Amino acid sequence: MRALKYLLRKEFLQIFRDPALVRMLFVIPVVQLLVLSNAATFEVKVARLYVVDQDRTTLSRGVIDRLVASGRFVRGGGSASVALGDDALMRRDVDLMVVLPAGLERDVVRERRGHVQVQLNAEDGAAAGVTLGYLREILARHAADLTVELAPATALAASRAERPPVRGQPAVEVRRRGWYNAELDYRHYMVPGILVQLLTIVGTLLTAMNIVREKEAGTLDQLNVTPVTRPVFIAAKLLPLWIIALVVLGVGLAVGRLAFGVPIEGSILLIYLGAAIYLVAALGIGLWVSAVTETQQQAMFVNFSVLMIYLLMSGLFTPVSAMPEWAQWIARANPMMHFISLMRGVMLRGAGLADVARELAVLTVSSALVLTVAVRQYHKTAE
Amino acid sequence: MRAPGRVEALRAFVLKEMRHILRDRQTLTILLLLPLAQVVLFGFAIRTDVNDIRLAVVTPAPDDATRALRARFEGNGRFRVVAEAPSAEALEPVFRRGGADVALVLPRGLASDLAAGVPVQLQLITDASNPNTGTTMQAYADAVVTAWRADLAADAARAAGPGAPRPVTLAVDARMRFNPTLESVNLFVPGLIALVLTLVSALMTAISLSREKERGTLEILLVSPLRPWQIILGKVAPYLLLAFANVVTALVAAWAVFAVPFRGSLVLLLAASTLYSLVGLALGVLLAALTTSQRAAMMAAMLVTMLPTTLLSGMIFPIASLPLPLQLVSNVIPGRWFIVIVRGIMLKGAGLAHLWQELAVLGVMLVVLLAAAIRAFKPRLA
């Protein structure tokens, strides 16, 4: 194993000799973790509202005031013309337009039913859905208040009905609770996932580039004619990055804890066990990419595509359950998805070894599989 | 430029670079086919909506009211009842192993309490470990309960007979403009085009230039009569063509496979794509000039383009949802502006009059990046 020792020394030297690379290895993941963990939310804080009030009554103004008072909406403009509002939507000056048609107050007082038209800019999709949800809820509450406000008047108007005013709506109270993340802090949820992404990017990319670089430089041929065996060579290529990635993970966990207060409810050893297994799969993919490509440019492009699949099919940003059946199978074959689920389980829910046994098993199998394929793909002979 | 040889030299150089790429069939195939495959794969696979919500119902004593409410959830189309338990204690293990997304906890004697007008309390428990889907699922569950409540109120009013005060309804007629069905693919394709263009333009240029640097062939080019900007132009031109080909294939896929609407001007879209590719190319040159090896150039390109273009551009998560500092950061990400332009043209049919600001921003970015790239490149002459 002396050969392995020397090769490892060489690999570490080559990495740490490039200060730009070392900086990128440690600084950029931290910066990304800090920045990107804040980014992944559909929550809409304030939507800009264009008001087309054609009714111009106390009631119509009350509706708008109620919306603005909720803090969810700000007035971004207003006129009596739908066409002007349309233009504002088109220019993205506002996010939605509310049209209060003439006769709204009359309808509400007489018929107990008013219509409010809402047009949302659905360009951002999810955001529009959430905004509409808030708007509906606020208007429903306003309507309930109006019921109470208007009740005595109606009772009078309805020729002094003898019954007590408003036993009104059935009293149903709904209590909402979110488990495991009571404040719905999306950062707690995102940090484990983004950490996994960064580990994967660093591990996969550097492995692939490392070997292809030697191919391009011709030094791989030199190594191939030495008595170094295939397993030793591969171990020497993978081990340094495996260790570095585990160190990066530690740094990331510390940053998550200090900057976002992300808890680690479960055992940190379990996280490291999962990471140690998962990284074999991640690095194995890098190895495979380097075996099938000839230049760093190709390696990078293939890698980038693999990472995009990793990234988008892992359920980190978009729910897996919303995907079509066949795509869910692809997602399930993605070791990253299982590792993210393990990290979240251990960090947020305090899951123990028994709870994540399935994930660990899947990770072990996929790591073994990936490594076998990659090692077979890699030949010691020149083509 | 006045010397007649210069223009010819440039032409020859551009041709050489073209040939370089065209000869490498493997790379060319990868560059042309992978982006297309990605647009198709992700277009089908990525949905931001939540459809199949697994509901657990807790009914200590089932009666007509609990059955009616449960039927409402089942009839909604989004919910699937996966478990029914007599007490809330049984929920914990189900949630823990991720067996249910939402739980509806109903009180004992719901029907009789409602009939008697006694206040009742329901509980909606959501697995919020994913807050994004958690919020959405809670909103859907709320909507079902709200509709049920409104019908109860209407029933109560009817039962109370005419003359009794009726509850006020403010009906909301909502129209989702520009993407009525909130089709995810319509929103996603513009983002994918932005990602693919960044990939081909910024990353490929960075790699190809830093390769020449690593091998020392750049030195040879620099002592040739070609000016630095000419070398850059020659290196960049083939990738511009490739990026253009990628836009066209992605658009054809969007139109033919996903029937993404196309309401605006194709010429404007292609022009904007070219402008965006140029920004990416300038960024690639800058990165190559600033780093010393292919590895470093690639890591840098990957980290400044891939995750930011996915997360800070509005491709998946709306810009308005970002915290304020990140909204400011998002302004320097070219993809953020490009996605507005592509969505504007494709979904809204917006024209130059609506989009000139975004185009101007990209233009300014191009000038700044180019100036920086050429400046960073020059000292290497020595």
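Q: Is Ser366(A) buried or exposed?

A: Buried means under 20% relative accessible area, exposed over 50%, and partly exposed in between (1.4 Å probe, protein chains only). Ser366(A) has a relative accessible area of 13%, so it is buried. It is found in helix 14 (residues 357-377) of chain A. Helices here are DSSP runs of H or I, at least four residues, and strands are runs of E, at least two, numbered from the N terminus. This is a predicted model: local features need pLDDT of at least 70, side-chain atom pairs count only at pLDDT 80 or more, and totals for chains, interfaces and linings use all residues. Residues are numbered from 1 along each chain as its sequence is written, chains are lettered from A and ligands numbered from 1 in the order written, and side-chain values use heavy atoms, without hydrogens and water.

Q: How far apart are Ser366(A) and Asp53(A) in sequence and in space?

A: They are 313 residues apart in sequence. C-alpha to C-alpha, they are 61 Å apart in space.

Q: How much area do chain B and chain A bury between them?

A: Buried area is the accessible area (1.4 Å probe) that two parts lose on being put together, summed over both. Here the two chains bury about 11,100 Å², 65% of it on carbon and sulfur atoms. Val168(B), Leu170(B) and Arg295(B) supply 8% of the area that chain B buries against chain A, more than any other three residues.

Q: How many residues does the contact take from each chain?

A: Contact means heavy atoms within 4.5 Å. Chain B gives 110 residues and chain A gives 117.

Q: Which residues form a salt bridge with each other, and how many salt bridges are counted between the chains?

A: A salt bridge is a side-chain nitrogen of Lys or Arg within 4 Å of a carboxyl oxygen of Asp or Glu. The count between chain B and chain A is 1. Glu216(A) pairs with Arg211(B), the closest N and O atoms being 3.5 Å apart. Among the chain B elements that give two or more residues to the side touching chain A are helix 7 (184-215) and strand 5 (169-177).

Q: Where is Arg211(B), and what does it touch?

A: Arg211(B) is found in helix 7 of chain B. At 16% relative accessibility, it counts as buried. It touches Glu216(A), Thr295(A), Gln297(A) and Gln294(B), not counting residues up to four places away in sequence.

Q: Why is Trp326(A) called partly exposed?

A: Its relative accessible area is 40%. Trp326(A) lies in helix 12 (residues 325-332) of chain A.
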